[in-house]
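Subject: Structure for you to look at

Hi,

Here is the structure I promised. Please open it beside this email and follow along.

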Amino acid sequence: MLRTVCRTGSALLKHSRRSTPSQWAALAQQRWASSLPMNTVVLFVPQQEAWVVERMGKFHRILEPGLNFLIPILDRIRYVQSLKEIVIDVPEQSAVSLDNVTLQIDGVLYLRILDPFKSSYGVEDPEYAVTQLAQTTMRSELGKLTLDKVFRERESLNSNIVHSINQASDEWGIRCLRYEIKDIHVPPRVKESMQMQVEAERRKRATVLESEGTREAAINVAEGRKQAQILASEAEKAEQINKAAGEANAVLAKAEAKAKAIKLLSDALTEQNGDAAASLSVAEQYVSAFSNLAKETNTILLPSNTGDISSMVSQAMTIYGSLAQPKKGRLSTATTDTAASILRAETEEKHLSEGSSLSPPGGQ
């Protein structure tokens, strides 16, 4: 009992001499001093714990979970190591980033003891050593990054800190599993600048979205006008096609009507007294043409013998007589040609009545 009290007092003295925070001293005292069991010959070691036994002050063995036997007085339990995953709060500390911004950062460290012998005899206080190593590593890693990258690359920063801790803690029998940054505090002025930057970025995005909306609207309007012009041109094309088709049908109808008129005229000329009727028609049209002269224009074209109507009719009938000579097998054809000649003569007389811009051959 006296030995236990002395051992406890020496442990407290060691921890009081150390320049550590009070919380680390309390945790170390609870873990390393008050948790040491006494040698009762028969010992039951709990699961996920390792008891380091010394015999006459020298390392003897590590007790496995379950039933164990020790020699009184000679053997004593020097260290009790927990093999469970240990969670350590890393206190808040200041660090300077690559762009000279002072940050206040704290974190959480997850570790596990893999070798109880190294953790007992390799370092005096494993948890304190790992905590200090985590703080210094975090400062050095933050010094390599700018402020923006600290916020964007927290996962990469955590993995780099874990890698650096594991390189140094292999000799202590400790394995760092994870390191997580809890809070990052920036100075108030830097925080205001970041807020202004965020607002400016949001305004920029809003402006870009508005411009994109305006562009899309202009594109839609132009596309609509294009489609409207295409539809209008197609409608105009269809209208012209329909108009041309109508004009073609009208021309065909006029041609058919004219053909029927020519046929009727040729039939009438083949009848009795057809020549007299033709002479009368030519004379009437000649008189009608002369009655319309100089009504629409003052430039007219006159033949040399305008007063000799009988000679004009005789000339027309002579032409008709020469074309209307009876020939076997060609009567109907000659009659049709005569009718066509009469119609052409009518057309020429009509043009004569409307006037022409040419000068008269025999005088005006």
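E54 has a relative accessibility of 6%, so it counts as buried. The cut-off for buried is under 20% relative accessible area. Please keep in mind that this is a predicted model.

Which residue forms a salt bridge with E54? The partner is R76, and the closest N and O atoms are 3.8 Å apart. This pair links distant parts of the chain. E54 lies in strand β2, R76 lies in strand β5 (residues 75–82), and 22 residues separate them. R76 counts as partly exposed because its relative accessibility is 29%.

E54 also stands opposite F59 in β3. Strands β2 (residues 49–55) and β3 (residues 58–63) pair in the antiparallel sense, over 5 bridges. They form a hairpin with 2 residues between them. Look for M56 in the turn: its phi is positive, about 55 degrees.

**The whole chain**

There are 364 residues, and 27% of them are buried. Count the elements and you get 10 helices and 8 strands. The accessible surface comes to about 23,800 Å². Carbon and sulfur atoms account for 55% of that surface. Now take contacts between residues at least 6 apart in sequence: 68% of them join residues at least 24 apart.

**The three-stranded sheet**

Next, find the open sheet of 3 strands, in the order β6-β7-β8. Its pairing is antiparallel. From one strand to the next, the twist averages 25 degrees.

β6 and β7 (residues 102–113) pair over 9 bridges. One example to find is V87, whose bridge partner in β7 is Y110.

L142 is worth a click. This residue sits in helix α4. L142 counts as buried because its relative accessibility is 1%. Beyond its neighbours within four places in sequence, L142 contacts several residues, including A95, I105 and L157. L98 is another of those contacts. The C-alpha atoms of L142 and L98 are separated by 7.3 Å, although the two are 44 residues apart along the chain.

D89 is in strand β6 and K182 is in strand β8, 93 residues apart. D89 is partly exposed, at 46%, and K182 is partly exposed too, at 40%.

E85 and R112 also meet in a salt bridge, at 3.9 Å. E85 is in the loop between β5 and β6, while R112 is in strand β7. A network of salt bridges links E85, R112 and R178.

**A nonpolar patch**

V41, V42, F44, L67 and F69 make a nonpolar patch of about 480 Å². β1 (42–45) and β4 (66–69) each supply at least two of its residues. V42 belongs to β1. With a relative accessibility of 34%, V42 counts as partly exposed.

Best wishes

Methods
Residues are numbered from 1 along each chain as its sequence is written. This is a predicted model: local features need pLDDT of at least 70, side-chain atom pairs count only at pLDDT 80 or more; totals for chains, interfaces and linings use all residues. Side-chain values use heavy atoms; hydrogens and water are left out. Patches are made of residues with over 30% relative accessible area and no salt bridge: like charges are joined within 9 Å, nonpolar side chains (Val, Leu, Ile, Met, Phe, Trp, Tyr) within 5 Å. Accessible areas come from the Shrake-Rupley method with a 1.4 Å probe; for residues, only the protein chains shown count as cover. A salt bridge is a side-chain nitrogen of Lys or Arg within 4 Å of a carboxyl oxygen of Asp or Glu. Helices (H or I, at least four residues) and strands (E, at least two) are DSSP runs, numbered from the N terminus. Buried means under 20% relative accessible area, exposed over 50%, partly exposed in between (1.4 Å probe, protein chains only). Two strands pair if DSSP finds at least two bridges between them. Axes are lines fitted to C-alpha atoms, for helices over the stretch in contact, and angles run from 0 to 180 degrees between N-to-C directions. Contact means heavy atoms within 4.5 Å.
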